Structures are given as C-alpha cells and as structure tokens.
Amino acid sequence: MDGTIRDALRRSLGTWARRWLLVGTLAAGALAAVALVAAAPADLTFAELSDTVQSLMSVATPLFGILLVRDLRRAPVRGPILPTVLAVGLPAVVIGVVGVLICAATLALTPAEVADEPWRFAGTVAVGGVLVQIVAGLVGTGLGLLLRSVVVAFLATIILPLGLFALLGAVDALRPAQAWLTPLGGVRNLLSGEMSALRWVQWLCVLLIWGVGLNAVGAAVLNRRGGPTGR
C-alpha cells in the first residue's frame, strides 16, 4: 500500500501537462490578486484577497483528481482506489499554500490603501485556503470515479456544486442549508476567517458529503462496473 501511495503521489504531478496545469492555476491566482489590487479597494484585506484567489484556483483543482482517476482506469491491473483519492492532496496543498503566499505577498507589497486591520483572521483564512483546495480535489476524484469522461466530470465539478448552491439559495427557507450542504457555502465561511464552532461543524458536513461520501459512492460504482475500461 505504501508503494501504491508513493506511485499515486508521483503521478499527481508526474507529467509535464500536469505541471503546466499547476503553473497555469497558480498564475491565474497571481493575476487575480494583481487585478484586485489594481481596482484599489479602500478596504482590501487578506481575507478578501484570499476569497478571490483561492476560489478562482479551486475551479482547476478538481482536474488533478479527475486525471488521477483516469490513470487508475487505464492501468492494466487496477490498484486500490484509496491511494489515488489521497494523492490529490499533494497538488491541492501546493495550490492552497502557494495561494496563501500569493495573497500575503500581494497585500504586503500593495501601494493601495488597505483596511484598518488587513491581516485580521489571517491564520484562519490561510488554513481555510488549503482546506478549500483539498475539498475541491476530492470533488474531482469523486466525480472522476462516477463519470468516465474527463470533460464531463470536470464540468460536473462546476455545475453540480454551484447548481445546488443556487437551488438552495432560491428558497428562503432552504438558504441556511447552503453552508451545510455545498462546497461554496463552506468556502465563504472558511475564507471569511470568521469561523465559529458551528461553522467548523458545517464545514465537516461538507467534507463528509463531497469529500468522503462522493468518493465512497464513486468507488462503489467503479467496483460494480468491474474496474478500468482502458478508455
């Protein structure tokens, strides 16, 4: 199992295409930070920068998980699924940590006027940025296990979470459920930095649904189909 995990970790960033995908994701985050500073908001904070940068980069993070699952499907002999799911944590953590550094450097070097307490909740927001990317990566592996097509799975990582968020938000009585049931609800809480005990419980629910539950269902579906198809 240890060897399988090491192999999955190598594959997570083991091709030039995936390394360029990582570079492109981080570059998009850096450009977003620069654009936000260029807008020169008077109340610029680390939390506001992180909300924009980490949210944007989290759109691409699931693709790493989807590609890892594609490797699993194409393998001549299918290995265990768990190492592939865990391996997405490597690119997710890299994206999250570099995103924190991008936001910190941008805020520290900005010539624009910032808020009175620009670093308020910075520690919580920094941890939250990494957690956001981990959940995004797990959504990718989960939907990659459920859907054979890389393109369809990637589109689903955008449409399904956002669609559920919009659906719950359309009904006043259901709006509080956004924080319990949708990744975006968790993202907003984590990147605001204002985390209470209740909000941590809400994030754990999101992790269980979209991280653990989705991957468990995907693994069961893949096993029922009999493993990789070679496509």
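User: How far apart are the mean positions of the positive and negative charges of the protein?

Analyst: This is a predicted model, and the value is computed from it. The protein carries 17 positive and 11 negative charges.

User: What share of the accessible surface of the protein belongs to carbon and sulfur atoms?

Analyst: The accessible surface of the protein comes to about 10,900 Å². Of that area, the part belonging to carbon and sulfur atoms is 70%.

User: Which radius of gyration does the protein have, and why does it agree with a compact globule?

Analyst: The C-alpha trace spans about 60 × 45 × 30 Å along the principal axes. For 231 residues, a compact globule would have a radius of gyration near 17 Å. The value for the protein agrees with this, because it is 18 Å.

User: What percentage of the contacts with a separation of 6 or more joins residues 24 or more positions apart?

Analyst: Buried residues make up 47% of the 231 residues in the protein. As for the contacts with a separation of 6 or more, the share from residues 24 or more positions apart is 78%.

User: Is Ser50 buried or exposed?

Analyst: Ser50 is placed in helix H3, residues 46-57. Leaving aside neighbours within four places in sequence, Ser50 is in contact with Ser55, Cys103, Val125 and Leu191. The relative accessible area of Ser50 is 1%, and because the cut-off is under 20%, Ser50 counts as buried.

User: Which geometry describes the aromatic pair of Trp200 and Trp203?

Analyst: By the ring-centre rule, the protein has two aromatic pairs. In the pair of Trp200 and Trp203, the centres are 6.3 Å apart and the planes make an angle of 85°. Since planes over 60 degrees apart fall in that class, the pair is edge-to-face.

User: With which residues is Gln178 in contact, leaving aside neighbours within four places in sequence?

Analyst: Gln178 is found in helix H9, residues 178-181. Its relative accessibility is 12%, so Gln178 counts as buried. The contacts of Gln178 are Phe165, Leu168, Gly169 and Gly185.

User: What is the phi of Phe121?

Analyst: Phe121 is located in the loop between helix H6 (89-109) and helix H7 (122-146). At 29% relative accessibility, Phe121 counts as partly exposed. Although Phe121 is not a glycine, its phi is positive, at about 65°.

User: What distance separates the C-alpha atoms of Phe154 and Ala177?

Analyst: Phe154 is placed in helix H8, residues 150-169, and is partly exposed with a relative accessible area of 22%. Leaving aside neighbours within four places in sequence, Phe154 is in contact with Val59, Ala60, Leu63 and Ile66. Ala177 is 23 residues from Phe154 along the chain, and their C-alpha atoms are separated by 25 Å.

Definitions and conventions. Residues numbered from 1 in each chain as written. Predicted model: local features only at pLDDT ≥ 70, side-chain atom pairs only at ≥ 80, totals over all residues. Heavy atoms only, no water. Rg over C-alpha atoms; globule rule 2.2 N^0.38 Å. Buried < 20%, exposed > 50% of the residue type's maximum accessible area, 1.4 Å probe, protein only. Contact = heavy atoms within 4.5 Å. Areas by Shrake-Rupley, 256 points an atom, 1.4 Å probe, with all protein chains shown as cover. Lys, Arg positive; Asp, Glu negative; His and termini not counted. Charge placed at Lys NZ, Arg CZ, Asp CG, Glu CD. Helix = DSSP H or I, 4+ residues; strand = E, 2+ residues; numbered from the N terminus. Phe/Tyr/Trp six-rings, centres within 6.5 Å; stacked < 30°, edge-to-face > 60°.
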